[in-house]
Structures are given as C-alpha cells and as structure tokens.
Amino acid sequence: MSNLWNFNTLRERSTVDLPGETIPALFWAGARLRTDQVWMRQKKLGLWRSWTWTQAAQQVEEIGNGLLSLGFAAGERASILSNTVVEWLLTDLAVLSCGGVSSGIYPTDAAPQVHYLCEDSDSVVIFVEDDEQLDKVLEVRDQLPRLRQIVVFDMDGLRTMQDPMVMSLDALRERGRQWSQAHPGALKARCDACQPDDLAILVYTSGTTGKPKGAMHRHRGLVYSVRGLSAVVPQDAQDERMAFLPLCHIVERVGGAYHSIYTGARLNFVENPQTIPENVREIAPTVFAAVPRVWEKLYSGVMIALKDSGWLQQATFAWGMGVGGRIVEQVLSGRPVGAWLKFQFILARLLVLNNVRKILGIHRARVLITGAAPISPDLIRWYLALGVPMFEAWGMTETCGAATSTPPGQIRPGSIGQAAPYNEVRIDPVTSEILVRGPNVFAGYLNLPDKTAEAIDAQGWLHTGDVGTVDAEGFYRITDRMKDIIITAGGKNITPSELENDLKFSPYITDAVVIGDRRPFLTAIIMIDQDNVEKFAQDREVPFSNYASLTRSAEVQQLIQDEVDRVNRSVARVEQIKKFFLLDTQLTAEDEELTPTMKLKRKLVEAKYAGPIESMYRSTT
Amino acid sequence: MTQASGVHLAATAPSAAAPSVPGAADDDRAMLRLLNVESAYGPIKAIRGVSLTVRQGEISTVLGSNGAGKTTILKTISGIIDPRKGSIAFKGVDITAQDPAKIVKHGLSHVPEGREVFALLSVLDNLLMGAYTRKDRDGVARDLETVFGYFPILRERRDQEAGLLSGGQQQMLAISRALMARPDLILLDEPSLGLSPKLTREIFEIVVRINREQGTTILLVEQNANMALNAADYGYVLENGRIVMEDSCERLREKEDIKEFYLGLKNDGVRGERRWKKKKMWR
C-alpha cells in the first residue's frame, strides 16, 4: 500500500545483478536463475496463460535453431510485424540469440510502409502475427528480393495455405527441434559469439516528417540502459507489469521487456487493445508504465462516471480528492504531512479513494510511470492525490529509453526530473536544446550517415530536438520540440505543446495541434473525445446522428470554446487561441494523421487541413 | 451530409455555422423525428442517443446487426418502451412515452418482429382487428379489398385460423393488419425474418408498392441489408445503440464499410481468400 508521504517502497530493489553483456546473454542467465518462476502471462480467449522462464527459454531455443536451419546468418536482419504478444518477444530473443538484428514494424502500418521498412532494414526473414499481417507482406514480397522466409504466429484461416515462402511458427519450432539434434550447441556458440558492439535492434522513429529513420542500437548500449534503469525504476522479480504498448516502440521494448529480463518482473500481455482497462484491473500491476494518452483516458473515464453518480458519492469523492490534494501540496513542497491530515486521508481512502484505485486497477501500484509524450502537470497531481506516486521519465528512441526521470521523493509535476545517473544531460547555451551523452545513446541511423551526423555532434552529444531549461537542483523542464516552436507574425516565441497539453487535460479533448507560425494569431485543430462528448450531448439533449454531426452541433462547438477559453485565461494575450476547428472524422491508428501511439502528426495535419486553416485566418471575425 | 468537406469551421458564431439538426436537411417533410432518444432494459442501455428523421412518403431503413438496438428503436417509437431521455415527434406532435393505443390512433402502425398474428383468430378477424379503431365501415371494406389485392392468398384463406398460415403468409397478414388501420407511417420490423429469399423478395416488392401507391411512409428495420438498401430511400446504420452512418441508400451502397460488413462484398486480397475483416471506419 503506497502512501505519498512514504517513499520507502520506492527504494532501489535488491535485484541480483545478472551477468551478461548482450541482451541474449542476459536472457539466458535469467532463464538459468529463475527456471520455474512465471515470466510472462497472456490472456487468450478469456483465459490467462503463463510461461515460466524455462518454457520461454525452450521456445526461444526452438525458434533460434529453426532460424539457424534456414541459414539465418549472424548480422542478418529479421522484421517482426505483430501486435504486442508473447511470440513477439520470444521471436525477438531468438533472432538476437542467433546474432541477428531484429526490427519491429507497427501492426497498423500499411503494405507500402511494410515494404519500405523491410527494404531499408534489409530483412531476410519476417515474422507476422496472422493472416491480416501476412497479406500485407504478400502484397509487396515481389519487390523484396532479399526476403527469404515469412513465418506466421497464428495460422487461423491459413491451414490450406501452400506457399514455399510461408511457414507457421510451430513448423519453424519443429524444424528447430530436429536441427538442434543434429547440431547440438550451435545456437549457444552463435549466442556466445555475439559481441557487445554488434548491432542488436533497429527501432524506426515514427516519422512525423518524411520516411521513418532506423535508429541502430548495439547490445552494449541496450545492456547499459537496462542495468541503469534499475536505479530509476524500482522493480524486481516480485513485480507485476503490463505489456500492451507496441514492442516496436523503445518504451515497451527496453523499459518494459528488456528491463523485465534483467529484473525478473512478470510481463502480463493484454488480450487486445480494447481490453486494456479490464486486463489492468485483473492484474493490478505493481509497477505501471504508460503513455499520457492512457493516463488521460483512465482519468476521464473516472470523471465521466462520476457525473452519473449520486450527490453523496460526488461530495465524498470531492472531499477525498481535496484531502489528497492537500497532501500533494505538503509533499511537493517538502513539508511533513501532519497526523490529522494522515488520518483524514486514511478515512478518505476507506470511503472512496480505494475504490477509485481499484476501478483503475492501480490499487497495488507502488509507482506509476509516464513518458514518451508530454503530460499535463494537473494530471500528475490528480494521480498523486489518489495517493499513488507518479514519476515522469523523458527520453527518446535515440537515448534508448529514459534519459531523465523523477527521483523518488522529489516529484515535481511539470518537470521531467533530473538526468538519469547513467548519462549526462545539459542545455545547449545557444539554442537551449537539450543534449544527452552516454553509452546509452544510439549508434546512428541506418543508411543515413548525414542524419546521424546531424543528431550526434563531434563531442558525442545527442541533439534531442527538445528545447528546455534546467534549475539549480538539476531539474529539467521541456518547453517544446525545437522545430515546433511557433514564432508569430508579431515576433513572439510560443511553445505550442504547453497549450496543447492544457487543452488535452479537458476530458472532451483527445488531441490538439496549435498553429500560428508566422501568423497574426494562434489557432487550433482539435480532436474531440467521442465517448465523453457524446455523453455531454446526450445529457443536454443535443441532437446528433453520427460523429460528424456531433462535431458540428452548436452546443459542442460551445463546449470546446469554453475549454479553449479556460486555457486562454491562463496565458498572455498573444498566446491565446483565437479560433479553432474540430476534426469531423473519427481517426484511427491506421490513418495517416496519427502516429502509431495515437498522437496527431503536426506537419501532416497542417498540410492536410491547409484549406480550413487558411480560412480561419481569412475571415475577419 | 457531405463527406468531402473534411472539416467544419467553428471559429465564429457557432449557431449560424451549420444545420444543427442531423438526419435531414429539409424539415418540412419530416413525418417522424427522434431526438437523442435513449432506451434501456434495466441497467443495460439498448440505444444511446439516437436522432433520426423519417420523411413523408419515403421508405427509411435502419440497418444493424443482432443486438444493435433496431427493434428497441421501433418499440420506443410506438410507445411499448418509454425512453429514458430524448423526444419523439410524429406529424409535429410530441408522442414521447404516450400510450401505444393513442399512438396507433394518431396514425402509426407497428408490424412487430416475428409477425405476432392472433393465431386463433381467422385471417379476416385479424384484419378487422387492425381496423379496430376505425369507425368508417365503407372505408374498412374498401381497404380490405386493397389488401386482398396486394396479397390474394389472404382472400383465399380468409376464414382459416391465422396460426395455420405459413410464415410468409403470416408476414403478409401482419403487414395487411397494419394497413387496415390506414396509418400514415408503418414501422416494419424485420419482414424477412425466417422467410425464403424468394418470399422475402416478393414481400419487399409489395412493401415498395404500398409505399408508392398508398403514399404510406415506412420505417423499415432489417438485417438483410441488401434488400433494405434496394427498397429504401434513406438509411441509417446502427451499431451498439448508436448511429454510425447515415445517407441516401444509393450512396450507402457504395461505401466501403457497408460493402464489407453488410453486403458481404470484399476483395479477396493477394491470396484469393480473406478471413480477416478490415477495421470499420464509418466514413
């Protein structure tokens, strides 16, 4: 049971320091040490299945031997096109154990993107989740002469498929079993031959502008990061974690999967993206890392449900959160929490807060971690008021996960924390860009020496593209992405992400893009939260028939106008958003406007909606 | 409702910006209008905020899979279920949560799902039950001839018990019984249920004839999307109690999602067969 005034639960855990200088070496050491402990669980058809370390190791061995039997050479590349499932990780580890390089592809990518990523990464083998993903590869395989084999995890609907290039994962494992009898020790030899300076994984940046770039990570950097993370994320083999973010993304890959290899924490794979809230409730993770979008969604779910509850519940909740809020104020300003306040808080927990925590599935959580995108400080305060510590970590694909993080006991909403102990961070005195240096920094972009040289300077500093400040105690604050900073026609520098985060704090707004570079005033493109706005419309009897008509109704326009006004009140006149428009199509991750992590792509949105943007500036009112 | 415009400008006075009432642009011809109707069975919401318009003289249809809430909409309109929220206007009069009998008198007949004829009454008595609220004997006799004209088999079997009719004949009887009330609007709940394709086609042809010849407005609820989209003028797609799409049936038939999920048309992809479904976008 965590309380905000006691951070003892967050001290670094006494984990066994696993030996190994490559990711597969760490994995095999972990498997030898933890044998029959459960490492992974996954919900399938409504039942949680589990994999012990030994079972996982056996499967990795079979897949690895299968790859060797196909002539998969050290240094060759394999791509993985799948949602976050257990097989993803097993396959990844098998590829690495063979001395190969693995590259993840987002399951929401379309066939042309799959083609580009396979070609750019020079993949000879591709693993696909099911028939849907397989079809994307089959569509473009004629243009991929280097591709030798396609392996399918789930053969449902493909039983009759006869294609020499396609085999099931089960068939590959069977091949591997037979091959290993004839060649015992071959996989181990290959794994032992793998050097820390060998290339391990390719992580493609989401590519908000232009083609995605393949960030190269060597084993040395990955292992260094994973070891270092233990100082930042207190977790051990007793911990339960969720696995649901895309494994192609650095956060789930390094911060989730690889860190769990090192610490032994259990990974619980959700059944599918729709069941995340339910699965979180079932598992009740003890360490829960997610992106701001998830935290926003959970928060607005509670706030909306609250509107349907009785006045007594609403009043109790408000009182409980008030007590929690006062504790947050005490703790954040470093003052002790008085006994009377503690007593009130315990009462508040019994009456209401414990239930809210249970509904969210965070009642066992020792720590919540947010990262990968900016978050509103108010949202962090809200979770803190529930009595659960929330840390913010900042990093990027190129820093191999977290480069700064909140130190335990010193939560400061709005700050991304101090430099992680394993890397150096500083602010460029001229441009105020945040620079990072350390062994965790990536080895460059694949096939793009020019871009690499732009990113890493001669002294080894990574230019992150984020602009920020640092205070006397070493706490960093991000002001914005360097390329996103708006300079209005009046010459005022404005950081759109602060405004956007304030907008997103509204339960009715999912995402927003603020526009105004070289313009007389600021405008915004806003994506509404369908569920919550629908509920608003229903409660007020605002007629609508579908998403588009919902966004057009005068009342919804006014609702969003009020939210914009709320944000405008807190900023100077030149920073106020004078006009906005609502996207009237419901976007999904398949749409080009969104990144796989469901963020609006600023440049693309600005280009695609140039017409409506222009007309906001044309009309005189 | 145009799909092409992409976005809508909100900046200035929102009230002047757009037609705020969805469903139909020309309100003069609206015979039935639902605004934000929400109905529930105990704690389970069956329809969550449905707004739709049925225009005079047209056939409108509500498509949707099992459990989407189609039947609940009809039951809410005809007063069998009282909505939790929202309002229903019929011929300009608010009929929300009125007594079903009053609504029938007002000119609205409901052909329930599964026919529900009076099994032990004769065919003729069933038809006369339909005209129960009417006082004009001559008119009733004339209308009896009209329905026998549409469904000659009912004349042949007028004295038999309705329970002995085949499924298709019972459907004909149910439609005829509704017509006998001389309604302005008929709510037709899944006329194709349990019928052969041939019989379904016949019944649909007559439904269209009734609409054209008698000028009766029809709100048709169907799972057989193909039949419904061909018969109706305007369509709504209902999913999980929400309308996710609306358009003229002509345009609905061309939408990718309708083709894949309701008409069963899809391209087979590279392998020549496809089991997985694309994601619904409803646009």
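1. Strands here, like helices, are DSSP runs numbered from the N terminus (E, at least two residues, for strands; H or I, at least four, for helices). A word on the source: this is a predicted model, where local features need pLDDT of at least 70, side-chain atom pairs count only at pLDDT 80 or more, and totals for chains, interfaces and linings use all residues. Residues are numbered from 1 along each chain as its sequence is written, with chains lettered from A and ligands numbered from 1 in the order in which they are written.

2. Strand 20 (residues 476–481) of chain A pairs with strand 19 of chain A in the antiparallel sense, over five bridges; pairing requires that DSSP find at least two bridges between two strands. Five residues lie between the strands of this hairpin, and G474(A) takes a positive phi near 85° there.

3. Strand 19 (residues 462–470) of chain A also pairs with strand 18 (residues 433–437) of chain A, antiparallel over three bridges. Here V467(A) is the bridge partner of E433(A).

4. Now over to chain B. Which residues of helix 4 of chain B are buried? They are D143(B), L144(B) and V147(B), where buried means 20 or more other C-beta atoms within 10 Å of the residue's own, exposed 12 or fewer, and partly exposed in between, with C-beta atoms placed from the backbone. Because they cover an arc of only 110° around the axis, they sit on the same side of helix 4 of chain B; the arc is that of the directions from the helix axis to the C-beta atoms.

5. On the other side of helix 4 of chain B, the exposed residues include R142(B) and E145(B).
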